[in-house]
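Thank you all for coming; I would like to take a few minutes to walk through a structure that may be new to you. Please have a look at it first, and then I will go through its parts.

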Amino acid sequence: MKHFLLAAALILSAPAVMACETVTIGDLTIEHAWSKATIGAGRPGVFYVEITNAGSVDDALIGIATPAAGMPMLHETVVQDGIASMPHAMSIPVPAGQNVQLSPGGYHGMLMGLTTALKEGDSFPVTLSFEKAGEVTVNVDVLSLRAEGPDCADAGQ
Amino acid sequence: MLGVGAYRTRNLPTRSELLPLPIGEMTWTLTDHRGRSVRPADWAGRPVMVFFGFTWCPDVCPTTLSDISLWLEELGADADRMIVALISVDPERDTPDVLANYVSNFDQRILGLTGSADEVAQAAADFRATYRRVAKDAGDYTMDHTAGVFLFHPDGRFVSIIDFHEDRRFAVPKIRRTLS
């Protein structure tokens, strides 16, 4: 744990802490967007983010796009009878008044066809498409392969 | 379902088909990320923690290896005698060199193990782990696989599994029980 906190402190002291930026569109707040470094560009990258719907109307995340990958998709890690699989998620519900996390072991963006390896400290934009609110772009901070989440002052991670 | 279809507990009617074999009764041979051959007998007398995964896995595998790294750091030198291994279910892509690159991102006590398709199948059968290749677009593929972390006593007895979605705070006490 000590090392984790030390690592977190180092990340906080880095100049570009994009994962702590917050963007809004309509009633939706999008924050804590982060990804993990990849070994080369052959392996898929991953995209995590937190979405809060402060409105009274249900919405849904229906797609993601990024110049960093040729085929970004929404996936969900499902563990059933001890077996992990990653089915494609057609859409991720963002119900009214709720907070939805794309986070390790659950919903996530899978970035297939990376244009280049993702390196710790880099950042790249991802455009999220919502069924009702429309499109919004957020900067995604690339953390280490073993990161468990961004460490922002207000982060719930 | 745990258990591999091709595997049958021949002449061992009392042996559970759901629980991993004791390490001493396993028959696999694998190659570690330094290119060395490894057999179950090499682990005799040491506590063991094993996870099945693959390096092209974007979510479950790095998350689990991050967790394992944190647990090992919390355990400190107490876990130095423990064998901690990632067994690849994707030997086609996970060569020893690929695994060496991958495990270098995590706690240095974690070994990467791979082998031929048959060797990996034997290891999975011994652990009662399963895996399945899932085709994706353009000839690409991913793997479904057993996601729990297997724990064994130094005498080779299976102790328990840390499930992927179980509260991670219970993991370190579970691991400690294998160290004594």
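I will begin with confidence, then turn to the sheet, and end with the helices.

Please keep in mind that this is a predicted model. Chain B averages a pLDDT of 90, and 91% of its residues score at least 70. Over residues 1–14 of chain B, however, pLDDT stays under 50, although the model has 21 contacts beyond four places in sequence for that stretch. Where pLDDT is low, the predicted coordinates should not be read in detail.

Now the sheet: chain B has an open sheet of seven strands with mixed pairing, and the order is S2-S1-S5-S4-S3-S8-S9. Its edge strands are S2 (37–38) and S9 (158–162) of chain B, each of which pairs on one side only. Within that order, strand S3 (residues 48–53) and strand S8 (residues 149–152) of chain B pair in the antiparallel sense over four bridges, and B:Val48 has B:Phe152 in S8(B) as its bridge partner.

And the helices? Helix H4 (residues 171–179) of chain B lies across S3, S8 and S9 of chain B, running at about 165° to S9(B). Helix H1 (residues 60–75) of chain B packs with H4(B) at an angle of about 60°, their axes being 10 Å apart, which makes H1(B) oblique to H4(B). The contact involves B:Trp71, B:Glu74 and B:Leu75 from H1(B), and B:Ala171, B:Val172, B:Ile175, B:Arg176 and B:Leu179 from H4(B); of these residues, six are nonpolar, none polar and two charged.

Methods:
Residues are numbered from 1 along each chain as its sequence is written. Chains are lettered from A and ligands numbered from 1 in the order in which they are written. This is a predicted model: local features need pLDDT of at least 70, side-chain atom pairs count only at pLDDT 80 or more; totals for chains, interfaces and linings use all residues. Side-chain values use heavy atoms; hydrogens and water are left out. pLDDT is the predictor's confidence in each residue, from 0 to 100. Contact means heavy atoms within 4.5 Å. Two strands pair if DSSP finds at least two bridges between them. Helices (H or I, at least four residues) and strands (E, at least two) are DSSP runs, numbered from the N terminus. Axes are lines fitted to C-alpha atoms, for helices over the stretch in contact, and angles run from 0 to 180 degrees between N-to-C directions. Angles under 35 degrees count as roughly parallel, over 145 as roughly antiparallel, 65 to 115 as roughly perpendicular and the rest as oblique. Ala, Val, Leu, Ile, Met, Phe, Trp, Tyr, Cys and Pro count as nonpolar, Asp, Glu, Lys and Arg as charged, and the others, Gly among them, as polar.
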